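Biologist: I would like to go through this model with you, one point at a time. Please show it first.

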2 protein chains.
Amino acid sequence: MNKIVIFGVGLIGGSFARALKKAGAVRTVVGMGRSQASLERARELGIIDVIGGSGEAGMAEALAGADLVLLAAPVAQTERILAAIAPHLQPGTVVSDAGSTKSDVVESARRALGGKVAQFVPGHPIAGRETNGPDAAIDHLYVGKKTVLTALAENADADIERVAAAWRACGAVIHRLTPQEHDKVFAAVSHLPHLLAFALVDDIANKPHADLLFQYAASGFRDFTRIAGSSPEMWRDISLANQPALLTELDAYLAQLTRMRASLAACDGVAIEGVYSTAQHARQQWIEAIEAAEAPQAQDKAE
Amino acid sequence: MNKIVIFGVGLIGGSFARALKKAGAVRTVVGMGRSQASLERARELGIIDVIGGSGEAGMAEALAGADLVLLAAPVAQTERILAAIAPHLQPGTVVSDAGSTKSDVVESARRALGGKVAQFVPGHPIAGRETNGPDAAIDHLYVGKKTVLTALAENADADIERVAAAWRACGAVIHRLTPQEHDKVFAAVSHLPHLLAFALVDDIANKPHADLLFQYAASGFRDFTRIAGSSPEMWRDISLANQPALLTELDAYLAQLTRMRASLAACDGVAIEGVYSTAQHARQQWIEAIEAAEAPQAQDKAE
């Protein structure tokens, strides 16, 4: 690609730019964003080549001749950014995003882009780190990781392929889901666990003897609650953006806990062990499958 | 110490023996257990010096002249082992354990040891790994970790100190709680998180589209559910042994989730962010406190 434009030059957008540059897959990276300091830092670090200007003229100049635009800013800003892009979006440009929810993004895109929505290919790279900002961006964040594209019926195959090829150049493996499938899956395996971890730490933090409790929390607690170290604002937005699917998963989990409470109250060791055992076996199989899948990549890295 | 006896020569008991040997704090380690293969492996690895014999005569010989006996077998076996020890327990021997629950262990000890219960100093080392068995035992498992002693009113100070000194020789830091405090604390920071992690994985594993879900589970899910990789039998026993305190914590958590469900259903972003934010800040403070506390040990290791 000759030119890409990235909105949000933090971990996700910055790592995308670094990976594409490393792969020789892009000539010029234009960075856009609300924080001038982040943009300047990103340029200093060589993540972006150009800081896009502000206002209509700045947007027009940034987008002129762009092959790909990636939205990697907080999801709550998606519609505002797409609306700002829309008037300046040329026919040859494909727009994608990196948001953790997809149904709401598709709705925003339809509202903001109107007749140009066919140029928008929604995406979600399944990768992250605990740190953020341009300094957290690394060129191998996406290597061996999945990127889910939730293409629209309106998308041209060539446009989907342009986005897919960019992610593949970053080392990612492309998966395809509908926006609804995507949101249902991630409500279960990501959004609900985040809510549960936040809920547990908040629960403990509000107890009168919280200090005593934290004093004895050990490595199991640390791992269980690691995701509660994530950005509260970002996860508030994700929870609200995926509210219907998250409520469904939360209700299923509440029903599960209510059954387990009854088993525990009845000292029903067989029922309790049944749940624990199913979980332990399922997790073990999952870990083995992951490790088998990751083994060739581990070799690549060692080479 | 001249002689110690360890029931259960796996990760916990084996690491205790290895650490004491490394510190030069014990001359002879006698291993006892139901698995002859484990005992032989432990002797092969140099964890124990002698495999204790079976039957009354074996028990008598193993315990003769022992300074310290550590129970590191599954908690469900505690009362049986203590009852087997009782007739052969000499006045100069102190008995301790490594169980994850303490109120029930104290009750078992009172029943099994009767008039000799003053010789039993209950303990709980807060350390672990995902692996088990003699091969998992390492000499630095307890370095910088807490060991909680929940001494009985009947315990002599010198006996408590003998147990404390052994754990300190392993590198552990001694904390003192009552059995009730201990169980309340660990219900909150360990037993409930285990139940929640097992519950989530079981919930997902039982869904019709479980394979699809596991396919997209990533590192956050992996950490959140790491504790669901633990032994189902062991955690069934712990859940039942600490049932009253665990029920209390589970009810508090169910109430918390029910409030959060209402916030989510109402799209109350302020309430949701409030919980997430309290959790994120509390966890951050906790992590900083841990890292500050661990920093000198990190230096020790580097030296």
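Biologist: In which hand does α7(A) pass α11(B)?

Modeller: First, the conventions: this is a predicted model, in which local features need pLDDT of at least 70, side-chain atom pairs count only at pLDDT 80 or more, and totals for chains, interfaces and linings use all residues. Residues are numbered from 1 along each chain as its sequence is written, and chains are lettered from A and ligands numbered from 1 in the order in which they are written. Helices (H or I, at least four residues) and strands (E, at least two) are DSSP runs numbered from the N terminus, and a crossing is left-handed if the near helix is turned anticlockwise from the far one by less than a right angle, right-handed if clockwise. By that rule the crossing of α7(A) and α11(B) is right-handed.

Biologist: Are α7(A) and α11(B) parallel, perpendicular or oblique to each other?

Modeller: Their axes come within 10 Å and cross at roughly 120 degrees; axes are lines fitted to C-alpha atoms, for helices over the stretch in contact, and angles run from 0 to 180 degrees between N-to-C directions. Angles under 35 degrees count as roughly parallel, over 145 as roughly antiparallel, 65 to 115 as roughly perpendicular and the rest as oblique. α7(A) and α11(B) are therefore oblique.

Biologist: Which residues of α11(B) make the contact with α7(A)?

Modeller: Two residues are in contact if their C-beta atoms, placed from the backbone, lie within 7 Å. α7(A) contributes A:L195, A:A199, A:L200 and A:D203. From α11(B) come B:A252, B:Y253, B:Q256, B:L257 and B:M260.

Biologist: What is the class make-up of the side of chain B that touches chain A?

Modeller: The contact takes 67 residues from chain B and 67 residues from chain A. On the chain B side, the largest share, 17 residues, comes from α7(B). Ala, Val, Leu, Ile, Met, Phe, Trp, Tyr, Cys and Pro count as nonpolar, Asp, Glu, Lys and Arg as charged, and the others, Gly among them, as polar. The side of chain B has 45 nonpolar, 12 polar and 10 charged residues.

Biologist: Which residues of α10(A) does α7(A) meet?

Modeller: The two helices pack at an angle of about 130 degrees with their axes 11 Å apart, and α7(A) passes α10(A) in a left-handed crossing. On α7(A) the residues are A:H191, A:H194, A:L195 and A:F198. Their partners in α10(A) are A:W235, A:I238 and A:S239.

Biologist: Is B:D97 buried or exposed?

Modeller: B:D97 lies in strand β5 (residues 94-97) of chain B and touches B:L70, B:L71, B:T78, B:V105, B:P122 and B:G123, not counting residues up to four places away in sequence. A residue is buried if 20 or more other C-beta atoms lie within 10 Å of its own, exposed if 12 or fewer, and partly exposed in between, with C-beta atoms placed from the backbone. Because B:D97 has 29 such neighbours inside 10 Å, B:D97 is buried.

Biologist: Which elements of chain B do the buried residues of α5(B) pack against?

Modeller: In α5(B) (residues 103-113), the buried residues are B:S103, B:D104, B:V105, B:V106, B:S108 and B:A109. They pack against α4, β5, β6, α7 and α10 of chain B.

Biologist: Is A:C267 buried or exposed?

Modeller: A:C267 lies in the loop between α11 and α12 of chain A, and has a positive phi of about 50 degrees although it is not a glycine. With 11 C-beta neighbours inside 10 Å, A:C267 counts as exposed.
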